[in-house]
Amino acid sequence: MRKNIQFLGVLLLLLLVAFGIHVAVRASINQPIFEYQIISAYAVNFALASIILFLVERNMRDGSAKGGFIFFAGSLLKFIVFFVVFYPEYNADDNLQTREFTTFFIPYAICLISEVYYLGKELNNQST
């Protein structure tokens, strides 16, 4: 459990750094800083990554092979959240702009890569 909390701390730090860079880039090119639900995109991705991590870890401890299925179901959940929560606003003008897409995709990619890296290490450290 302690390793999970440490991982989530690192993930939160990564997301905060990415958020800072994201906002700075927007400011430097004279775009509105908090447009396209940027705060919600980072917060939702972190929350979903946290939930998925705990569910996968819990099943890995039980020796269950369901962890991979739970991870993929969590990825599906992230896409559903994108299409239900974010996509309607992003596509309101019938044009999904790169700025809109990257607002969700940057934190999604950071969370996904971090989860895969961490869970891969955890799986390799398990005794068979």
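**View 1. Helix H4 in the lining of the largest pocket.** In this predicted model, H4 contributes four residues to the lining of the largest pocket, the most of any element. Helix H2 (38–61) and helix H3 (67–90) also give two or more residues each, as does helix H4 (98–125).

**View 2. Centre and make-up of the largest pocket.** The pocket holds about 160 Å³ of space. Its lining comprises 11 residues, and those nearest the centre are Val-56, Gly-67, Gly-68, Leu-119 and Leu-123. By class, the lining has seven nonpolar and four polar residues, with no charged ones.

**View 3. The largest nonpolar core.** This core has 18 residues. The members that touch the most others are Phe-7, Leu-11, Leu-15, Leu-53, Val-56 and Leu-119. At least two residues come from each of helix H1 (2–28), H2 and H4. H2 supplies the largest share, seven residues. Val-56 and Leu-119 belong to this core and are also among the residues nearest the centre of the largest pocket.

**View 4. Surroundings of Leu-53.** Leu-53 is one of the core members that touch the most other members. Leaving aside residues up to four places away in sequence, the contacts of Leu-53 are Asn-4, Phe-7, Leu-8, Glu-115, Tyr-118 and Leu-119. Of these, Phe-7 and Leu-119 are likewise listed with Leu-53 among the core members that touch the most others.

View 5. In soluble globular proteins, nonpolar side chains tend to be buried together.

Terms used
Residues are numbered from 1 along each chain as its sequence is written. This is a predicted model: local features need pLDDT of at least 70, side-chain atom pairs count only at pLDDT 80 or more; totals for chains, interfaces and linings use all residues. Side-chain values use heavy atoms; hydrogens and water are left out. On a 1 Å grid over the protein atoms alone, a cavity is a set of points where a 1.4 Å probe fits but cannot get out, and a pocket is an open set with protein on both sides within 12 Å along at least five of seven lines; lining residues have an atom within 4 Å of a point. Grid points are joined across faces, edges and corners, and a volume is the space filled by probe spheres set on the points. Ala, Val, Leu, Ile, Met, Phe, Trp, Tyr, Cys and Pro count as nonpolar, Asp, Glu, Lys and Arg as charged, and the others, Gly among them, as polar. A nonpolar core is a set of buried Ala, Val, Leu, Ile, Met, Phe, Trp, Tyr and Cys residues joined through side-chain atoms within 4.5 Å. Buried means under 20% relative accessible area, exposed over 50%, partly exposed in between (1.4 Å probe, protein chains only). Contact means heavy atoms within 4.5 Å.
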